[in-house]
2 protein chains.
Amino acid sequence: MKIIKIEKKILSENQKCSIENKSLLAERKKLCLNMISSPGSGKTTILVRTINELKDRIKIGVIEGDVQTDIDAERIRTTEAPVVLINTEGACHLSAVQIKKALKKLPIDDLDIVLIENVGNLVCPSAFELGEAGKIVVLSVAEGDDKPAKYPAIFAKSKALLINKTDLLGHVDFDMERAKADARRLNKTIEIFPVSAKTGEGLADWYDWLRKTLEQTKTRP
Amino acid sequence: MKIIKIEKKILSENQKCSIENKSLLAERKKLCLNMISSPGSGKTTILVRTINELKDRIKIGVIEGDVQTDIDAERIRTTEAPVVLINTEGACHLSAVQIKKALKKLPIDDLDIVLIENVGNLVCPSAFELGEAGKIVVLSVAEGDDKPAKYPAIFAKSKALLINKTDLLGHVDFDMERAKADARRLNKTIEIFPVSAKTGEGLADWYDWLRKTLEQTKTRP
């Protein structure tokens, strides 16, 4: 019983800080999205391509969460976008306190969008609000079409689902309609984008959604 | 500071129970392995194939951990191997207490090997001993060759690494030598088996290792 009480306390500390982050971003009319997936679904490749292909019109900054190493942060740096790395030193998710500190290091007034790349983990990060306007879940077709059913929390909570690595569709057993139907059963309003960050297929729809969502953020009273 | 103390307490409760499980299994000379990976690396497919291809000589029972659903347990049941399902209801790893209860439900005296399929998560399960004789980490080539470096804990702690989905090697960017070298940098004695649970490629070496490890378990004084 004691354990449950304390867990609640940690969550509400995180919650308090996430509300502060959300207010800071909303006041400045910045769009902040929290990208969550299993390891190796292709979050960083999607980010690099998105930043490069939108950089003339939209300024994106990145908060990069990793258990160890700066491999992903270095990949983001090739785009010249501002990036702040958070090494969690073994911890399985980012916290709102870490995001609060990272936001202070980003040139926030020069940015339109802050994209947070969470630790590769389809379970834990879904339970921790960071102050984002929405979560984006990425699923690679190589992971299998049963993942929305098996890991429902993140699919239920996300604004958009990117089904990545569609270039592998001929080589893996993945029923796109099953994955979509299971995700929509959990979340009626989820936007679903089948994409290949490798070939670029499908990314135009994701970019349109990003632009539209940014526009709504900027014009909100 | 309080949080750290309590975390230690939880871990040592788990530790105590894991030692009990380990003793129970060692007394009966049963080999118990804890399989850990990201979601969708192919643990269940490996298990199904391993059980079916060894069933004339080795009796395997399975403890199946899942956040939700009985999808994987149903797949294991097609092999007619005994299986106990643990639904963690959102929790990100199996605990030794859950394994203790599950072991009571398995016909342990009829089995040679107990294979635990942990929750799909490359981070959290590595921190919780369940009473196993060793951990097996599974990595799919679709996840990328940088995963041992990025998620070092589980690679450092495992007895064996199965690099699965080698049938996709022509279609994904995966440097086998880099993945192997990074895993061996973390763990000098790790056994590495590149396999395809789909085509069967490489599985003979994994079966040999299982047989050899089982033999050592049975002949230990």
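In the predicted model, helix α7 (residues 176-186) of chain B buries B:M176, B:A179, B:K180, B:D182 and B:A183. Buried means under 20% relative accessible area, exposed over 50%, and partly exposed in between (1.4 Å probe, protein chains only). Helices (H or I, at least four residues) and strands (E, at least two) are DSSP runs, numbered from the N terminus. Seen down the axis of α7(B), the buried residues fall within an arc of 165°, so they line one face of the helix. The arc is that of the directions from the helix axis to the C-beta atoms. On the other side of α7(B), B:E177 and B:R185 are exposed. The cover over the buried residues of α7(B) includes α5 (147-150), β6 (160-164) and β7 (191-194) of chain B. Contact here means heavy atoms within 4.5 Å.

One residue of this helix, B:D182, has 11% relative accessibility and therefore counts as buried. B:D182 touches B:D145, B:P148 and B:A149, not counting residues up to four places away in sequence.

This is a predicted model, in which local features need pLDDT of at least 70, side-chain atom pairs count only at pLDDT 80 or more, and totals for chains, interfaces and linings use all residues. Residues are numbered from 1 along each chain as its sequence is written, chains are lettered from A and ligands numbered from 1 in the order in which they are written, and side-chain values use heavy atoms, with hydrogens and water left out.

In chain A, helix α2 (residues 43-54) packs against helix α8 (residues 203-219) at an angle of about 70°, with their axes 11 Å apart. That makes α2(A) roughly perpendicular to α8(A), a term for angles of 65 to 115 degrees. Axes are lines fitted to C-alpha atoms, for helices over the stretch in contact, and angles run from 0 to 180 degrees between N-to-C directions. From α2(A), the residues A:I46, A:R49, A:T50, A:E53 and A:L54 meet A:L203, A:W206, A:Y207, A:L210 and A:R211 of α8(A). By class, this contact has six nonpolar, one polar and three charged residues.

Most residues other than glycine have a negative phi. A:T69, however, has a positive phi near 70°. A:T69 is found in the loop between β2 (60-66) and α3 (71-77) of chain A, and at 22% relative accessibility it counts as partly exposed. In chain B, the phi of B:E89 is also positive, near 55°. B:E89 lies in the loop between β3 (83-87) and α4 (96-105). At 56% relative accessibility, B:E89 counts as exposed.

Notes:
Parallel < 35°, antiparallel > 145°, perpendicular 65-115°, else oblique. Nonpolar A, V, L, I, M, F, W, Y, C, P; charged D, E, K, R; others polar.
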